[in-house]
Amino acid sequence: QVQLVESGGGLVQAGDSLRLSCQASGRTVTFNSYTMGWFRQAPGKEREFLSLIRWSTGNTNYANSVKGRFTISRDNAKNTVFLQMTSLKPEDTAVYYCAARVTGTFEYVYWGQGTQVTVSS
């Protein structure tokens with residue numbers, strides 16, 4: 001069982017930066033076997049994939065919508081994954097979620113509760 005807790009959301013202005021954190025925990029989990037993802041969901045819209053990082057190798061992938069503005073990273077010692085967001089736009093307003101899946105599988109089975117990011121114009 002993996003528990004994920006996001007933090008770092010808030011209200012910012014367009015053009016600002018924000019860093020989200022995802023603290024992962026689990027009693028018998030080896031996080032090296034997991035791939036971590038960030039998603040978001042805006043009101044009335046479907047959940048959108050943003051980025052992923054493979055915990056063991058650090059390999060990353062990004063959605064075109066955030067490539068060049070968002071950066072995913074991890075701190076192995078703290079079992080924490082980050083999403084650094086820059087040049088934020090009002091359309092980035094959403095609830096941001098952290099998720100985990102076993103590397104090699106397709107389904108994200110563990111999800112955090114989400115953190116709200118609001119970007120004002």
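Analyst: Strands here are DSSP runs (E) of at least two residues, and they are numbered from the N terminus. With that in hand, Ser 87 is placed in the loop between S8 and S9. The model is a predicted one.

User: What makes the phi of Ser 87 worth noting?

Analyst: Phi of Ser 87 is near 50 degrees, which is a positive value in a residue other than glycine. Asn 79 also has a phi near 50 degrees and is likewise a residue other than glycine. Asn 79 lies in the loop between S7 and S8.

User: Why does Ser 87 count as neither buried nor exposed?

Analyst: Buried means under 20% relative accessible area and exposed means over 50%, with partly exposed in between. Ser 87 has 40% relative accessibility, so it counts as partly exposed. Asn 79, at 24%, therefore also counts as partly exposed.

User: How many helices and strands does the protein have?

Analyst: There are 0 helices and 11 strands. Along the sequence the pattern is accordingly a run of β elements, β-β-β-β-β-β-β-β-β-β-β.

User: What makes the protein as compact as a globular protein of its length?

Analyst: The radius of gyration is 14 Å, and the globule rule gives 14 Å for 121 residues; the two values are close, so the protein is as compact as a globular protein of that length. Along its principal axes, the C-alpha trace spans about 45 × 25 × 25 Å. Of the 121 residues, 42% count as buried. Among contacts with a separation of 6 or more, 54% come from residues 24 or more positions apart.

User: Which residues touch the most other members of the largest nonpolar core?

Analyst: They are Leu 4, Met 36, Trp 38, Leu 83, Met 85 and Tyr 96, in a core of 31 residues. Elements giving two or more residues to this core include strand S3 (18-25), strand S4 (34-41), strand S8 (80-85) and strand S9 (94-102). Leaving out residues up to four places away in sequence, Leu 83 touches, among others, Leu 20, Trp 38, Leu 50, Phe 70, Ile 72 and Tyr 96. In soluble globular proteins, nonpolar side chains tend to be buried together.

User: Why is Ser 21 called buried?

Analyst: The cut-off for buried is under 20% relative accessible area. Ser 21 has 16%, so it is buried. Ser 21 belongs to strand S3. Its contacts beyond four places in sequence include Val 5, Ser 7, Trp 38, Val 81 and Phe 82. The C-alpha atoms of Ser 21 and Gly 8 are separated by 6.1 Å, although the two residues are 13 apart along the chain.

User: How do you know on which side of the cut-off Arg 69 falls, buried or exposed?

Analyst: Arg 69 has 12% relative accessibility, so it counts as buried. Its place is in the loop between strand S6 (60-62) and S7. Apart from neighbours within four places in sequence, Arg 69 is in contact with Gln 84, Met 85, Thr 86, Ser 87, Leu 88, Lys 89 and Asp 92.

User: How do you know that Cys 22 and Cys 98 are joined by a disulfide?

Analyst: The sulfur atoms of a disulfide must lie within 2.5 Å. For Cys 22 and Cys 98 the S to S distance is 2.0 Å, and the structure holds 1 disulfide. Cys 22 is in strand S3 and Cys 98 in strand S9, 76 residues apart, and the pair links these distant parts of the chain. Both cysteines are buried.

User: Why is the disulfide of Cys 22 and Cys 98 called left-handed?

Analyst: The torsion about its S-S bond is about -75 degrees, so the disulfide is left-handed.

User: How many aromatic pairs does a search of the whole structure find?

Analyst: The search finds 8 aromatic pairs.

User: Why is the pair of Phe 39 and Tyr 108 called edge-to-face?

Analyst: Ring centres must lie within 6.5 Å, and planes over 60 degrees apart count as edge-to-face. For Phe 39 and Tyr 108 the centres are 5.0 Å apart and the planes at 80 degrees, so the pair is edge-to-face. Phe 39 lies in strand S4 and Tyr 108 in the loop between S9 and strand S10 (110-111), so the pair ties together parts that are 69 residues apart in sequence. Tyr 97 and Trp 111 form another edge-to-face pair, at 6.5 Å centre to centre and 75 degrees between the planes. Ring pairs link Phe 39, Phe 49, Tyr 97, Tyr 108 and Trp 111 into a cluster.

Terms used:
Residues numbered from 1 in each chain as written. Predicted model: local features only at pLDDT ≥ 70, side-chain atom pairs only at ≥ 80, totals over all residues. Heavy atoms only, no water. Core = buried A, V, L, I, M, F, W, Y, C linked by side-chain atoms within 4.5 Å. Buried < 20%, exposed > 50% of the residue type's maximum accessible area, 1.4 Å probe, protein only. Helix = DSSP H or I, 4+ residues; strand = E, 2+ residues; numbered from the N terminus. Contact = heavy atoms within 4.5 Å. Phe/Tyr/Trp six-rings, centres within 6.5 Å; stacked < 30°, edge-to-face > 60°. Rg over C-alpha atoms; globule rule 2.2 N^0.38 Å.
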